[in-house]
Amino acid sequence: MIEKMELTMINGTVHHFKRGEFGVEMIKVDKEKCLILVSFSEREFGKREIIIPLQNVEKCEYLLR
C-alpha cells in the first residue's frame, strides 16, 4: 500500500499526498489504465476522488508500507 506520494507534473507543479493527511484514505497506481487514483474520506459535501493521468506526470516518488 502506498503511504505517501510526491508528483511532479509536466507543467512544473508539485503535488504531495499522504495517507491520513487532509482526509486522504487511499493512493493507488493503476498501470493498466495509466492513472493515479487518490481517494479522500467522505465529508459533508460528499466523497472526493482525484484521477491523474500518468501522461501528465513527469516524475513520481512514493513510499510503500
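A: Before we start, a term: buried means under 20% relative accessible area, exposed means over 50%, and partly exposed lies in between, with a 1.4 Å probe and protein chains only.

Q: Fine. Is Cys-60 buried, exposed or partly exposed?

A: Cys-60 counts as partly exposed, because its relative accessibility is 30%. This is a predicted model, where local features need pLDDT of at least 70, side-chain atom pairs count only at pLDDT 80 or more, and totals for chains, interfaces and linings use all residues. Residues are numbered from 1 along each chain as its sequence is written, and side-chain values use heavy atoms, with hydrogens and water left out.

Q: How many disulfides does the structure hold?

A: The structure holds 0 disulfides, a disulfide being a pair of cysteine sulfur atoms within 2.5 Å.

Q: How do E3 and E4 pair, parallel or antiparallel?

A: Antiparallel, over 6 bridges, with E3 at residues 24-30 and E4 at residues 35-40. Strands (E, at least two residues) are DSSP runs numbered from the N terminus, as are helices (H or I, at least four). Two strands pair if DSSP finds at least two bridges between them.

Q: What stands opposite Lys-28?

A: Leu-37 in E4.

Q: Changing topic: how many residues are in the largest nonpolar core?

A: The largest nonpolar core has 12 residues, including Phe-17, Val-24, Val-38 and Phe-40. E1 (2-9), E3 and E4 each supply at least two of its residues, and the largest share, 4 residues, comes from E1. Such a core is a set of buried Ala, Val, Leu, Ile, Met, Phe, Trp, Tyr and Cys residues joined through side-chain atoms within 4.5 Å.

Q: What is Val-38 in contact with?

A: Leaving aside neighbours within four places in sequence, Val-38 is in contact with Phe-17, Val-24, Met-26, Arg-48, Glu-49 and Ile-50. Contact means heavy atoms within 4.5 Å.

Q: Glu-58 next. Buried or exposed?

A: Exposed, because its relative accessible area is 58%. Glu-58 is found in strand E6, residues 57-64.

Q: What does Glu-58 touch?

A: Not counting residues up to four places away in sequence, Glu-58 touches Thr-8, Met-9 and Ile-10.
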